[in-house]
Amino acid sequence: MPSASTGDLRFAVIGAGMAGILSAVKLKEAGLNDFTVYEKAGRLGGTWRENTYPGLSCDVPSHLYCYSFALNPDWSHLYSPGDEIEAYFEGVAEDRGVLRHVRFGDEVVSCAFIDGRWHLTTDQGVHDEVDVVIAATGVLHHPKYPDIKGLDSFEGAMFHSARWDHDVAIDGARVGVIGTGSTAMQIVAAIVDRTEKLSLFQRTAQWVMPAVNPAYTPEERAGFRQDRRLIEGVRDSVAQLFDHFSDGIINAGSPEMEMIETFCLDNLENSVTDPELRERLRPDYRAACKRLVVSTNFYEAIQKPNAELVTDPIEALEPGGVRTVDGRLHELDVLVLATGFKVDAFVRPMAVTGRHGADLGQVWADRPGAYLSISVPDFPNFFMLNGPNGPVGNFSLVEVAELQFGYIMQLVERLRAGESREISATQDAMERLEVARVEAAKNTIWSTGCRSWYLDDRGIPAVWPWPFSQFRREMAAPKWEAFDVRT
Ligand code: N01
């Protein structure tokens with residue numbers, strides 16, 4: 001890939017999902033047109049391309065889960081389905097001229113900082129040389145397969161939720177689902193009526209926040225089309241609710257957390273009629289300690305006559321199905337592994353080599369870290385979107401990425417103005433922030449004693465532990481003393 005020698009900066013954006021498309025749009029808006037977006041797959045979309053399971057949706061209301069610069073009057077529902085979200089991102093990319101910058105089917109396998117520039121190599125043998133790398137590689141990206149005895153011995157169809165096999169018949173089949181995260185809950189509710197028998201293998205009960213999902217009427221959509229302020233009104237009210245939630249979540253003893261727990265508890269009490277089933281669905285930890293499940297219909301689905309909640313632990317998989325420790329074989333035709341993601345990979349497995357040969361894999365050998373989730377010391381001009389320890393809990397990652405990109409652009413402007421050639425966080429700034437972050441994380445709801453993907457190998461929440469409003473303020477302007485700025 002040639003580096004056009006316009007005297008301007010050349011960029012590589014890695015990943016063409018929500019954050020990669022955002023980066024491309026914003027670079028173009030800033031007049032920085034010398035960039036390539038590398039996408040390992042054959043089309044755009046990230047999460048919304050990879051997840052195609054029945055019932056796929058986003059539990060962040062659609063008017064908030066979209067770019068602030070591309071509001072969409074045509075969302076079908078408060079929580080719109082996954083294919084609609086994917087089409088929205090594709091539409092924005094097409095409308096904003098992003099596609100001609102994307103190299104599809106090209107996975108960046110290495111990135112090395114040599115003589116002041118980043119040298120990229122893809123699995124197709126393409127080499128590129130750029131000034132700035134924007135890593136938009138996603139968070140919930142690498143499927144996590146469960147460590148269950150005999151996993152490969154099952155003779156039915158088996159796949160991870162993020163690798164849904166649409167050639168496999170669900171209708172009239174005996175289907176098992178392992179896991180009770182947001183994904184499993186959506187799948188169960190969507191397919192239960194199609195199956196002969198649905199077995200949900202629950203290791204941990206979940207708190208379920210009730211929700212309604214009304215469709216927008218044609219009149220409402222016409223109104224949104226005519227007056228953008230109506231959409232902004234919806235966004236503002238949802239954002240306020242989320243801010244309220246974020247203020248509560250960081251203080252386990254807050255009234256907001258009590259309120260959420262009461263809502264969830266009432267939902268359980270009022271929705272599940274069989275007392276025995278209700279007890280098996282009752283979590284023994286604080287609501288929102290794990291990522292809160294928001295569902296309109298999970299409790300209804302699990303009470304269907306053909307649904308079974310299996311709470312005896314799994315002993316092993318066998319050719320015919322799942323054997324639980326009570327000795328029972330749950331015979332299945334299809335098994336869905338809704339077992340989550342390896343959440344600490346971030347830009348890996350790409351090999352990233354910074355200044356003086358610093359190897360990101362080694363720097364992150366214990367666990368990933370970055371100053372404000374964006375910059376790693378000695379990896380100059382390498383900036384991440386939705387990187388380690390950021391706000392991920394029940395927020396709009398679109399808003400998070402937009403704020404982060406705005407911050408990155410302020411760093412980039414210094415490079416562009418020729419005021420500096422290399423910018424990365426200082427070790428000191430990163431360590432200080434990390435100490436404060438770990439301390440603050442102890443007061444959050446995520447630290448109240450449950451197993452969740454928010455927790456790192458030490459059991460410390462690997463997320464932003466302060467109010468979202470503080471994140472907004474932090475993203476508004478870089479504290480330059482936190483950066484090693486070289487000319
Ligand atoms: O994954 P998870 P997910 N034996 O890690 C179970 C986002 N998302 O794909 O709880 C038995 O939450 C595991 O059990 P336990 C959202 O951020 C958003 O559902 O650890 N069970 C757990 O129940 C979400 O949080 C939307 O005891 C095993 C489940 O698998 C994130 O994606 C929709 C097991 C994994 O749950 C991930 O959600 C969907 C084993 N060996 C997803 N191993 C929106 O609407 C694992 N489990 C925005």
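# Notebook: a look through the predicted model

**Charges.** I began with the charged groups: the mean positions of the 47 positive and 70 negative charges of the chain are 2 Å apart. I note here that this is a predicted model, and I read every value below with that in mind.

**Overall build.** Next I looked up the secondary structure and found 13 helices and 23 strands in the chain. The radius of gyration is 23 Å, close to the 23 Å from the globule rule for 487 residues, so the chain is as compact as a globular protein of that length. I also took the span of the C-alpha trace along its principal axes, which comes to about 70 × 50 × 45 Å.

How many of the 487 residues count as buried? I get 56% of them. The chain exposes about 20200 Å², and carbon and sulfur atoms supply 50% of that area. I then turned to contacts between residues at least 6 apart in sequence: 71% of these join residues at least 24 apart.

**Salt bridges.** Side chains of opposite charge can pair when their charged atoms come close. I counted 44 salt bridges in the structure and picked out a few to look at.

- Arg229 pairs with Asp227, with 3.1 Å between the closest N and O atoms. Arg229 is exposed, at a relative accessible area of 62%, while Asp227 is partly exposed, at 23%.
- Arg355 and Asp484 meet through their side chains at 3.4 Å, N to O. Arg355 is in the loop between strand S20 (351-353) and helix H10 (360-363), and Asp484 is in strand S23 (residues 483-486), so this pair ties together parts that are 129 residues apart in sequence. Arg355 has 5% relative accessibility and counts as buried.
- Lys479 and Glu474 form a salt bridge at 2.6 Å, N to O. Here Lys479 is partly exposed at 39% relative accessibility, and Glu474 is buried at 13%.
- I also noted a network of salt bridges that links Arg367, Glu434, Arg437, Asp456, Asp457 and Arg458.

**Met430.** I found this residue in helix H12 (residues 427-441). Is Met430 buried or exposed? Its relative accessibility is 17%, and the cut-off for buried is under 20%, so Met430 counts as buried. Which residues does Met430 contact, leaving aside its neighbours within four places in sequence? I list Gly369, Ala370, Tyr371 and Pro377. For Tyr371 I checked the spacing too: Met430 and Tyr371 are 59 residues apart in sequence, yet 4.7 Å apart in space, C-alpha to C-alpha.

Most residues other than glycine have a negative phi, and most peptide bonds are trans. With that as background, I went looking for exceptions.

- Arg348 and Pro349 are joined by a cis peptide bond, with omega about 15°. Pro349 is in the loop between strand S19 (341-342) and S20.
- Asn381 is not a glycine but has a positive phi of about 60°. I place Asn381 in the loop between H10 and strand S21 (382-384), where it is buried, with a relative accessible area of 2%.
- Asn389 also has a positive phi, near 65°, in a residue other than glycine. Asn389 lies in the loop between S21 and helix H11 (397-416), and at 9% relative accessibility it counts as buried.

Notes. Residues numbered from 1 in each chain as written. Predicted model: local features only at pLDDT ≥ 70, side-chain atom pairs only at ≥ 80, totals over all residues. Heavy atoms only, no water. Helix = DSSP H or I, 4+ residues; strand = E, 2+ residues; numbered from the N terminus. Rg over C-alpha atoms; globule rule 2.2 N^0.38 Å. Buried < 20%, exposed > 50% of the residue type's maximum accessible area, 1.4 Å probe, protein only. Contact = heavy atoms within 4.5 Å. Areas by Shrake-Rupley, 256 points an atom, 1.4 Å probe, with all protein chains shown as cover. Lys, Arg positive; Asp, Glu negative; His and termini not counted. Charge placed at Lys NZ, Arg CZ, Asp CG, Glu CD. Salt bridge = Lys/Arg side-chain N within 4 Å of Asp/Glu carboxyl O.
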